[in-house]
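Here is a friendly walk through a structure that may be new to you.

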Amino acid sequence: MKLYVSPTSPYARKCRALIIEKSLETRIQVIETKPLDDPSELQALNPLGKVPALERERGPALMDSPLICEYIDGLDDENWIPARGESRILVMRQQALADGLIDLTIGRRIEMQREKKLQWDYWSGRWEAGIRRTLETLDSDRQQFERSVDLGALSVAVALCYLDLRFSELDWRAQYPELDAFAKRWQARASFIETEPPADA
Ligand SMILES: N[C@@H](CCC(=O)N[C@@H](CS)C(=O)NCC(=O)O)C(=O)O
């Protein structure tokens, strides 16, 4: 199988880290691509034109990191997503909050990258307010995931690390020391070391 990624994509990082955690590297080849260059092989797999996209041996290609992670998790018996019940819902909720935090961080970055006169403070302010609220929620809910090793905790750690890359001036680590300690524990794992975005990204 082939997983199409970009080196900085946090959604792709979730999938890549899960592959490494589950030691599935020999079954899934990671292919780097640049979605903004409109590569035809990516668009043939995912008409949305986004990474990650998973080309499987059989069946249609998969898009959207939660779906791809669910598929990857089903490839062996080591469950990173609980099969059912409230524990499954909580893991999926943590992933949804983490993915939403990434969405807000990307939205803010796109706004900030516009020429100054085209920037709209309303939108950057809105994205930032959402980021701050989500950090508050993650901090108050952290007992649900801070000692867990599952897709929910992995997703939250990926999203927090993405804030370091794209919104470093927020300095969330100083405001939330327990979330900082949580993220550092994940950053020490091989799955995070091997998927660290390039320093010049
Ligand atoms: N909900 C999707 C989001 C994927 C996404 O937005 N990927 C970005 C890279 S971080 C992308 O490929 N953007 C290219 C584009 O928007 O054209 C997921 O979880 O996989």
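Where is the place of P52? You'll find P52 in the loop between helix 2 (40-45) and strand 3. Keep in mind as you look that this is a predicted model. Most residues other than glycine have a negative phi, and most peptide bonds are trans. With that as background, check the link from V51 to P52: this peptide bond is cis, with omega near 0°. Another spot to look at is S23, which has a positive phi, near 50°, although S23 is not a glycine. S23 sits in the loop between helix 1 and strand 2.

Four strands make up an open sheet in the order 2-1-3-4, and the pairing is mixed. At the edges are strand 2 (29-32) and strand 4 (62-63), each of which pairs on one side only.

Take strand 1 (residues 2-5) and look at its two partners. With strand 3 (residues 53-55), strand 1 pairs in the antiparallel sense, over three bridges. Here K2 stands opposite E55, and L3 stands opposite L54. With strand 2, strand 1 runs parallel, and four bridges join the two. In this pairing L3 faces V30 of strand 2, while V5 stands opposite E32. So what do strand 1 and strand 2 make together with helix 1 (residues 10-21)? They form a right-handed β-α-β unit.

Let's move on to how helices pack. Two packed helices are described by the angle between their axes and the distance between the axes. Start with helix 1 and helix 3 (residues 65-73): their axes are 9 Å apart, at an angle of about 5°. Angles under 35 degrees count as roughly parallel, so helix 1 and helix 3 are roughly parallel to each other. On the helix 1 side, the contact is made by Y11, K14, C15, L18 and I19; helix 3 brings in S65, I68, C69 and I72. Sorted by class, the residues of this contact are seven nonpolar, one polar and one charged.

The other pair is helix 6 (residues 151-166) and helix 8 (residues 177-187), which pack at an angle of about 105° with their axes 9 Å apart. Because angles from 65 to 115 degrees count as roughly perpendicular, that is the word for how helix 6 and helix 8 lie to each other.

Last stop: the ligand. Which residues surround the ligand? The list runs S6, S9, Y11, P35, L36, G49, K50, V51, P52, D64, S65 and D99.

Key
Residues are numbered from 1 along each chain as its sequence is written. This is a predicted model: local features need pLDDT of at least 70, side-chain atom pairs count only at pLDDT 80 or more; totals for chains, interfaces and linings use all residues. Two strands pair if DSSP finds at least two bridges between them. A residue is near a molecule or strand if its C-beta atom, placed from the backbone, lies within 6 Å of it. A crossover is right-handed if, with the strands pointing away from the viewer, the path from the first strand over the helix to the second runs clockwise. Axes are lines fitted to C-alpha atoms, for helices over the stretch in contact, and angles run from 0 to 180 degrees between N-to-C directions. Angles under 35 degrees count as roughly parallel, over 145 as roughly antiparallel, 65 to 115 as roughly perpendicular and the rest as oblique. Two residues are in contact if their C-beta atoms, placed from the backbone, lie within 7 Å. Ala, Val, Leu, Ile, Met, Phe, Trp, Tyr, Cys and Pro count as nonpolar, Asp, Glu, Lys and Arg as charged, and the others, Gly among them, as polar.
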